[in-house]
Amino acid sequence: MPASPSTARAINDRVALRLLQQEGPLTAGQLKQLTGLSRPTVADLVERLTAAGLIEVVGESGEQRRGPNARLYGIVAGRAHLAALDVRTEGVSVVVSDLLGRELARASVPIADDTGTGPAVEQAVTLVERAAKEAGAERLHTVGVGAPGLIDPVTGELRDSSGLPEWHRRLVAALQERLPARVIVENETNLAALAEQRDGAARDRDTFVLLWLGHGTGAAVVLDGRLRRGASGGTGEIGFLPVPGTSTLPSATDCEGGFHSLAGSAAIVELAAGHGSVATAVSPGEPEAAALVRQAVATLTSTSTSPSPSASSGADRFLSALADRLAIGAASVVAVLDPGCVVLGGEVGQAGGEVLATRVGERLARMSPLPVEVRASALGGGAVLRGALLTARESAQDDLFAPRSR
């Protein structure tokens, strides 16, 4: 059945807004060309979207002939403000942006292990409120939160997870109480995968697995363009994967003895020490493992200095041993999912770059008959914030761009 006039208008409006989001400011003539709509229809939707406060004239196209078609229309970026949070066990980072995703403010706060639940929650919420004020946002429309642990696929709530501080769960409730905003919570590794797919190492892939390598380990699965969470939200809890090379087996409440014991930051630091490597410089909030991997890669690839044979040999052995460990976890994922691409994500994956990715890929080629490409993260630890912001922006635009009843 043909669409009713109101439905057709809503569809046309949505198409035009998505084009303006993807392409940037456009003239009415360009909208006509890209949508295939008639000139009167485009003029009507431009007038309608302008009256609704969703688009505005942002300049002129530079055409010789002046007139309505020469005006450049763009989405009203200030129509809504968004926030993204990266919640870690050691602190919180926040970014505030406009509706187009342009960053307006950024801040972070460390939270010590001995900080009580109430004070920890207050520090985090205050951080968000201050960042919003700095960005000039009177209110936030949507807040995207990336946190470790399981997200209930039905309720969207952060579930109890062993080893995570209580303030993580309390924070979500506090944000919902203190902020007049929609709060969306997602597992941090899933958000990192969304960011790598949109802006990072997996931009040309609709099926891949992100292997998160930071303070801890995790995985995110994207199949046929869709993020897969599993029946309980636990897809990708690879830290609990039983693997050879550990002294025990993981349990339902502790991933010690699982893949985490081979590839978590503490395990990598211990591995590096066994090959004579210690971190010389660690950035604030960075896993020590990432600094060690970056240092080893620099030792092997530096052209400005000639490392000693012993240093070069130690770095080579360390990276080879790490690649052996990572390949064990990756091979299990590849055997079950056949993703065709594995991204080594997180701070460690980014620090290892192509050097580490190549070594893991070579080992996988020997371990599995399935073809798989191994890539290094392009976004590192920043992928969580980026993914949270993308999620918040998509949600806000879905709400603001939705057809309104007349």
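1. Let me start with the contacts of D224. Leaving aside residues up to four places away in sequence, D224 touches D206 and T207, where contact means heavy atoms within 4.5 Å. D224 sits in the loop between β10 (217–223) and β11 (226–228); helices (H or I, at least four residues) and strands (E, at least two) are DSSP runs, numbered from the N terminus. D224 counts as exposed because its relative accessibility is 59%; the classes are buried under 20% relative accessible area, exposed over 50% and partly exposed in between, with a 1.4 Å probe and protein chains only.

2. The model is predicted, so local features need pLDDT of at least 70 and side-chain atom pairs count only at pLDDT 80 or more, while totals for chains, interfaces and linings use all residues. Residues are numbered from 1 along each chain as its sequence is written, and side-chain values use heavy atoms, with hydrogens and water left out.

3. Now the backbone at two aspartates. Most residues other than glycine have a negative phi. D224 has a positive phi near 55 degrees, and this residue is in the turn of the hairpin that β10 and β11 form with 2 residues between them. D338 also has a positive phi, of about 50 degrees. D338 is placed in the loop between α10 (309–337) and β12 (341–345), and is partly exposed, at a relative accessible area of 41%.

4. What surrounds β10? 6 of its 7 residues are buried, so β10 is largely enclosed by the rest of the structure. β10 pairs with β11 in the antiparallel sense over 3 bridges; strands pair if DSSP finds at least two bridges between them. L223 has R226 in β11 as its bridge partner. β9 (residues 208–213) is joined to β10 by 6 bridges, also antiparallel, and a hairpin of 3 residues connects β9 to β10. Here L211 is partnered by A219 in β10.

5. Next, please look at the open sheet. Its 5 strands follow the order β6-β5-β4-β7-β8, with mixed pairing. β6 and β8 (182–187) are the edge strands, each pairing on one side only. From one strand to the next the twist averages 15 degrees. β4 and β5 run antiparallel and are joined by 8 bridges, with A84 opposite V95 in β5. Helix α12 (residues 383–400) lies across β4, β5, β6, β7 (142–147) and β8, at about 145 degrees to β4; axes are lines fitted to C-alpha atoms, for helices over the stretch in contact, and angles run from 0 to 180 degrees between N-to-C directions.

6. Finally, which residues lie nearest the centre of the second largest pocket? They are D86, S93, P284, G285 and E347, out of 18 lining residues. The elements giving two or more residues to this lining are β4 (81–88), β5 (91–98) and β6 (103–110), and β6 supplies the largest share, 5 residues. The pocket volume is about 450 Å³. On a 1 Å grid over the protein atoms alone, a pocket is an open set of points where a 1.4 Å probe fits, with protein on both sides within 12 Å along at least five of seven lines; lining residues have an atom within 4 Å of a point.

Terms used. Grid points are joined across faces, edges and corners, and a volume is the space filled by probe spheres set on the points.
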